[in-house]
Amino acid sequence: MYLLWGKKAAQVVLAVCCFALPIFFIPLAAHESGTDLWVRAGLSKSIVKKVLIPGGTVPVQYALVADRGVYHSTDNGITWLAMNNGLPSDSWGNIEVQAIAVDGNNPSVVYVGMGGTGSRNSAFSAGLYLTDDGGATWLGLGKDMAGKEVQAIAVMPADTARVVCVATGEGIYCNTGESKQWLRLDWRGVEVRILSLAIGPDDSRVIYVGTQGYGLYGTVDGGTSWMEMNQGLDDFAIYDIAISMTEPRLMYLATNGGVYKSTDAGSTWTKLNGATKGRRINTIAIHPENVDILYAGLQHGAAYCSMDGGQQWMPLRRGLGNVTVLSLALDPRNTSILWAGTTDGIWRYVFETPAFLTPSHTSATASVTPRSEPTHTATPQLTATPSPARSLTPLATSTLTVTPLPSPTVTQIPSPSPSPTATYTPRRSPTHTLTLTPTFTMTAAPPSPTPVPPVPRETPVIR
């Protein structure tokens, strides 16, 4: 009797195992082979504010987690390890990292900016920190950055000398990377909170600043003068700035009311229609090989993809639902894989059809028509002026001089189609490097009584 009972028990256990093992391995199989759906990739129940996947031969990923600092993965997101040795924490143990950026030439070099000022001495709870060993150790970057609330960081995505710009609560600072000194730019809007920051991919003197409630500002001379760039905008909270690496005049903005597009380096903007219109967009990503393909991360709406420069949008919700997406990043080693930082951890989306990502450049709205001869006549264009409550009064009247950039060339590149298409190829000028003059003092100047960025009388066209 006991023998019969033991055989039946063994049969029951075997049946349960046969039924349960496939269920157990389904998440692992989905992680490796799931296509056209989102699969969880770690840090569940965490608010992942930023996910970064730098290029390079060593696969590494970084994640900025709210109140928990920096995490990284070296096994394609299977495991994530905290990398916070040397970063300050507040009295509750929270690590208030507010911004992160990676050097495109060296994935082991990472900058993070602290946003907390919880300790009695703010110098120990805020400022800019650097690691050159992939996050194993962090060091503060000098007295110029100590104690300052860092709001945004931008690293020039180029193969030239590393240029880093940092937006703080006391102004904007830039550094070439080789120097330990920081140049404080002539940005007087210290009372204006900065939500996003970007450097031109082909000219380090071109800097864009996205603000909270005042729209977009830009400079073409390394911060000597600034201009308002709000023509066509009716949403003035700029959460993200995306610039095409291959066509720098093509830009997108993520705002509180949808996605905006510019084909003239931000001089004018057009609000895109479709599913993203009227929705809060937290992040924008452009496909590195096809400027017609872009991705948008929404507040309480997962992500959307467009294959025609933002004219039509396809929802990417399968497996993710309506989770808020805070950050998007394409894997540079396999651009058919899209990563997302969300309010519920990190997720991964694999597109089933590789042809979906084949460069086509069929959208006329996403193409940039190069000019044979650059024009430099400034014409008044800023018709979308914020309300008086948001208006910025210029402190001084100045004449903005724009240094002409070399005219772009059109190179015929063969494509799979019978007829070749023209591809815009901007030139890089070796002179377009932010030069730090030793005569600048590295101490933040006290803010003026009415700290607002000056608005020149004329609006030049940024190149």
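## Ground rules and confidence

Residues are numbered from 1 along each chain as its sequence is written, and side-chain values use heavy atoms, with hydrogens and water left out. As the model is a prediction, local features need pLDDT of at least 70 and side-chain atom pairs count only at pLDDT 80 or more, while totals for chains, interfaces and linings use all residues.

The average pLDDT (the predictor's confidence in each residue, from 0 to 100) is 75 for the protein, and 64% of the residues score at least 70.

## Aromatic pairs

There are five aromatic pairs here; rings of Phe, Tyr and Trp (its six-membered ring) pair if their centres lie within 6.5 Å, with planes under 30 degrees apart called stacked, over 60 edge-to-face and the rest tilted. Trp 187 and Trp 226 have ring centres 5.0 Å apart and planes at 75 degrees, so they make an edge-to-face pair. Trp 187 sits in the loop between strands E13 (183-184) and E14 (194-200), and Trp 226 in the loop between E16 (216-219) and E17 (227-228), so the pair ties together parts 39 residues apart in sequence. Strands (E, at least two residues) are DSSP runs, numbered from the N terminus.

Buried means under 20% relative accessible area, exposed over 50% and partly exposed in between (1.4 Å probe, protein chains only). Trp 187 counts as buried at 2%, and Trp 226 is buried at 1%. Elsewhere, Trp 38, Tyr 295, Tyr 349 and Phe 351 form one aromatic cluster.

## An open sheet

Four strands line up as E10-E11-E12-E13 in an open, antiparallel sheet; strands pair if DSSP finds at least two bridges between them. E10 (150-155) and E13 are the edge strands, each pairing on one side only. Five bridges join E10 to E11 (residues 164-168), and Ile 153 stands opposite Val 166 in E11.

## Around Thr 255

Thr 255 belongs to strand E19 (residues 251-255) and is buried, with a relative accessible area of 0%. Its side chain reaches the backbone nitrogen of Gly 257 at 3.1 Å, and a polar atom of the Thr 255 side chain lies 2.8 Å from the backbone oxygen of Gly 258.

Beyond its neighbours within four places in sequence, the contacts of Thr 255 include Asp 235, Tyr 239 and Arg 280.

Technical notes
Polar contact = N/O pair within 3.5 Å; in protein donor to acceptor, adjacent residues only side chain to side chain. Contact = heavy atoms within 4.5 Å.
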